[in-house]
Amino acid sequence: AGRYDLESEVARGRGRTLWRGRDAVLDRQVGVLLLDPGHPHADAVRQAARRASAVDAQPGVSGSPGTM
């Protein structure tokens, strides 16, 4: 699986799908918005997510798991 377990689809439309899910690390309910591959902003969102996860993986960076 991964950090987020998708539980049920909440809504779909305009190139995206909203899911109710659970954050396995923080053990809490979350909303997960997934863009369809053909969405005009899909590539930009994917790149931003990669940059954010690279920052989160660095020890001592504010916002990293375990530093707050």
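Visitor: Which residues does Thr 17 touch, not counting residues up to four places away in sequence?
Guide: Thr 17 touches Glu 9, Ala 11, Arg 12, Val 32, Leu 33, Leu 34 and Asp 36, where contact means heavy atoms within 4.5 Å. This is a predicted model, in which local features need pLDDT of at least 70, side-chain atom pairs count only at pLDDT 80 or more, and totals for chains, interfaces and linings use all residues. Residues are numbered from 1 along each chain as its sequence is written, and side-chain values use heavy atoms, with hydrogens and water left out.
Visitor: Is Thr 17 buried or exposed?
Guide: Thr 17 counts as buried because its relative accessibility is 4%; the buried class is under 20% relative accessible area, with a 1.4 Å probe and protein chains only.
Visitor: And which strand is Thr 17 in?
Guide: Strand β2, residues 16-23 (strands are DSSP runs of E, at least two residues, and helices of H or I, at least four, numbered from the N terminus).
Visitor: New topic: what lines the largest pocket?
Guide: Its lining is Leu 33, Leu 34, Leu 35, Ala 42, Val 45, Arg 46 and Ala 49.
Visitor: Which element gives the most to that lining?
Guide: α1 does, with 4 residues. Both β3 (28-35) and α1 (42-56) supply at least two.
Visitor: How confident is the predictor, by mean pLDDT of the chain?
Guide: The chain has a mean pLDDT of 83, and 78% of its residues reach 70 or more; pLDDT is the predictor's confidence in each residue, from 0 to 100.

Key. Buried < 20%, exposed > 50% of the residue type's maximum accessible area, 1.4 Å probe, protein only. 1 Å grid on protein atoms, 1.4 Å probe; cavity = no way out; pocket = protein on both sides within 12 Å on 5 of 7 lines; lining within 4 Å.
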